[in-house]
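Please view the model first.

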Amino acid sequence: MSALLFLMSCGQSTPQGIKEEMPDDTVQLRIAILPTLDCLPICLADAHGFFEQYGLDVDVLPYQAQMDCDTAIERGWANGIVTDLVRAQRMKDNGLQLEYITATEASWQLLTNPTARIKQLRQLDDKMLAMTRFSATHLLSDKAVDSVRLKPERVFRIQVNDVNVRLGMLSAGIMDALLLPEPQATAARNQNALKLLDTHQLDYRMGVVAFSSRAATARQVEAFKKAYDMACDSINELGVHKYQDLIMKCCRVQQSTIDSLPPVIFRHSSNPRAVDIKRATDWLKMKKEPANVENQGI
């Protein structure tokens, strides 16, 4: 447990000295991304020059945790972000002006440590579950607990923001259950983690790319979508395994994880669904937590 407490005291450094500017067609777009598979179209568009092809100057800023991406856009170090609708709606509730550019292919799975011998959701009673507070993973942890009528206080939600640290806790045997995106979920399954919940099966599409309001012109937004769609077409045509080197670089996972990835279809840019936005807003209203109160975690 002392190792866990040490990890929870650690934070992610963020870039300094970057300021917001009034947008015009030449202003650089700085987009904060995560080491997750839903960011692959942005990584590909950046690496293969698709953004430049459409006349965009884009700087991709890699972070390891959603909260660090949030900090980047809140403080103006980034003017675009890959996040989920729960976190985005909460930032909007806290006064940050955001515009949704496209939904993403983000997905999450609730997986259990094989040594914990948890084979059903009801067996999460008196167990530790790693997630990020006020995020899609927090919402999904509540859904899992509520679905089997466990007392919320009987499932200990541990805030672990860095998804690869979260995955490492599975290997170290210091976490009973975890909510993970891809490709970390595949890495966990390769370690014999058992899947108990999957947002694909629930038909939840909670991932989103959001820009700060007035961060980009209409032309830049349209150009971003065209470059994003071009990257999606390339991945869909050639398959994710064609871009294994890029996935290893952006997501920091092993070759064995990429080899085990399930088929993924990346859809063209589109607005988040109203039903998913409602899920996020309804859950936030139910929590009734002040928007500026958050436990930092890892």
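Where is the place of D126? D126 sits in the loop between β5 (108–112) and β6 (127–131).

## Basis

This is a predicted model, in which local features need pLDDT of at least 70, side-chain atom pairs count only at pLDDT 80 or more, and totals for chains, interfaces and linings use all residues. Residues are numbered from 1 along each chain as its sequence is written, and side-chain values use heavy atoms, with hydrogens and water left out.

Helices (H or I, at least four residues) and strands (E, at least two) are DSSP runs, numbered from the N terminus. Buried means under 20% relative accessible area, exposed over 50%, and partly exposed in between (1.4 Å probe, protein chains only).

Most residues other than glycine have a negative phi, and most peptide bonds are trans. D126 is not a glycine, yet its phi is positive, about 65 degrees. Its relative accessibility is 42%, so D126 counts as partly exposed.

N192 also has a positive phi, near 70 degrees. It lies in the loop between α8 and β9 (194–198). At 60% relative accessibility, N192 is exposed. The peptide bond joining E182 and P183 is cis, with omega about 5 degrees. P183 belongs to the loop between β8 (177–181) and α8 (184–190).

## Helix α6

Helix α6 spans residues 136–147, twelve in total. Its first and last C-alpha atoms are 16 Å apart, close to the 16 Å expected at 1.5 Å a residue. That expected span is 1.5 Å times one less than the number of residues. Nine of the twelve residues are buried, including H138, L139 and L140. Just after α6, R149 takes a positive phi of about 60 degrees.

## Salt bridges

The whole structure holds twelve salt bridges (a side-chain nitrogen of Lys or Arg within 4 Å of a carboxyl oxygen of Asp or Glu). One pairs D142 with K287 at 3.2 Å, N to O. D142 is in helix α6 and K287 in helix α13 (residues 274–287), 145 residues apart. D142 is buried at 8% relative accessibility, whereas K287 is partly exposed at 26%.

R273 bridges to D203, with the closest N and O atoms 3.3 Å apart. R273 lies in the loop between α12 (255–259) and α13, and D203 in the loop between α9 (199–202) and β10 (207–212), so the pair ties together parts 70 residues apart in sequence. K278 and D282 meet at 2.6 Å, N to O. They are four residues apart in helix α13, so about one helical turn separates them. Salt bridges that share partners join D203, R273, D276 and R279 into one network.
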